[in-house]
Amino acid sequence: MTTRAKRGFGIPARRLNLLASTSTISPVPKTYRSALHDPHWLEAMRSEFDAFKQNDTWELVPRPPSCNVVLGKWLFRHKFHADGSLARYKARWVCRGFSQQPGIDYDETFSPVVKPSTIRAVLSIATSSHWPIHQLDVKNAFLHGTLTETVYCQQPQGFEDPSFPDHVCLLKKSLYGLKQAPRAWFSRFATYIQTLGFLPSKSDSSLFTYHSDNATAYLLLYVDDIILTCSSTTFLNSLIASLRSEFSMTDLGALHHFLGITVTRSSAGLFLSQRQYLSDLIDRASMTDCHIARTPVDTGNKLDSSGNPVSDPAFYRSLAGALQYATLTRPDIAYAVQQACLFMHDPRDPHLALVKRIIRYLKGTLHLGLHINTSSPTSLTAYS
């Protein structure tokens, strides 16, 4: 029997959406050659190259015989605001550290990382004392580090000197990607901040404290991100002015977004949320359509080393590490994440099931975070 639907009657006509708009954001280029033809990325590359010249990062010299020349490449990425809107195009010329040779162009290396407990403690003290909290961003932080080793690097691709195309860069300052770059930048910053009266903390090398009869200040440094709080607004402004006179940095104002954490301040205190970070984690795990779990762990089953090995151990470790960072504002998953991290050396299917359960729990509780009250320096609430 031929019905009206089978003959095509009664079916709404499909109309083309003529109002669809294309994105104005230039995609991340795959090569530096394609970036040179895009005005947005070309401007970002010029800004990076101008920073090198302004900072006197290197001098061009003829290539010495039998010397090790460190290779480099351009990296491109979009920088977004906390709400997901585009902030700027970021182009960075980085060295390929794997082409360095130990004992020849690098020696000691390390990268200081601020502890999550230190962040919570400093923010708790500042909130309970009603101190202003500012964040600063150091522009091209690693370029401020002074090298003690002799390092040669190739000229940035697309910006070679036409008069000396075969010359190489004798580095005076460190570059991103060099094995000693974090050490050189941290050493430079720590030396200067101590001239202002700050003292490094013995428990956390990324924390610097200042105490006097007139003011108290705390400074947290994480690579190129700085959190600064002070008991005196006048002293805070003078500190920011001193830092900006020594380093090229931007005062981003009151603390609102750092290290993937959104900070909201109110009369009740601070609310720290990693909602966007967790949303990206759920998407990376391909679990955007998963069912929600009510708890992060199944207390009825105890994990052991039984079960089949996971097909991709590196992916398991990546997810477990990301969840470990999420405990900064989500202490309610700390135990479950700790259990998952116990088996990172040899993950099995039951361990992966636990990681997925934690992610399913987070999907249903994205609105939760860490609330720091104003009542006392130790008033930390698990979530609000």
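The pLDDT is the predictor's confidence in each residue, on a scale from 0 to 100. The structure is a predicted model, in which local features need a pLDDT of at least 70 and side-chain atom pairs count only at 80 or more, while totals for chains, interfaces and linings use all residues. Residues are numbered from 1 along each chain as its sequence is written, and side-chain values use heavy atoms, with hydrogens and water left out.

The protein chain has an average pLDDT of 86, and 91% of its residues score at least 70. Residues 1-22 stay under 50 and have 4 contacts (heavy atoms within 4.5 Å) beyond four places in sequence. Residues 378-384 are also below 50 in pLDDT, and 24 contacts beyond near neighbours in sequence are present in the model for this stretch.

A nonpolar core is a set of buried (under 20% relative accessible area, 1.4 Å probe, protein chains only) Ala, Val, Leu, Ile, Met, Phe, Trp, Tyr and Cys residues joined through side-chain atoms within 4.5 Å. The largest such core comprises 56 residues, and Leu-171, Leu-175, Leu-178, Phe-189, Phe-198 and Leu-219 have the most contacts inside it. Leaving aside residues up to four places away in sequence, Leu-178 touches Val-70, Cys-95, Gln-100, Leu-147, Val-151 and Leu-171. Another core, of 29 residues, lies apart from the largest one and includes Leu-278, Ala-326, Leu-352 and Val-355.

Definitions and conventions: Buried < 20%, exposed > 50% of the residue type's maximum accessible area, 1.4 Å probe, protein only.
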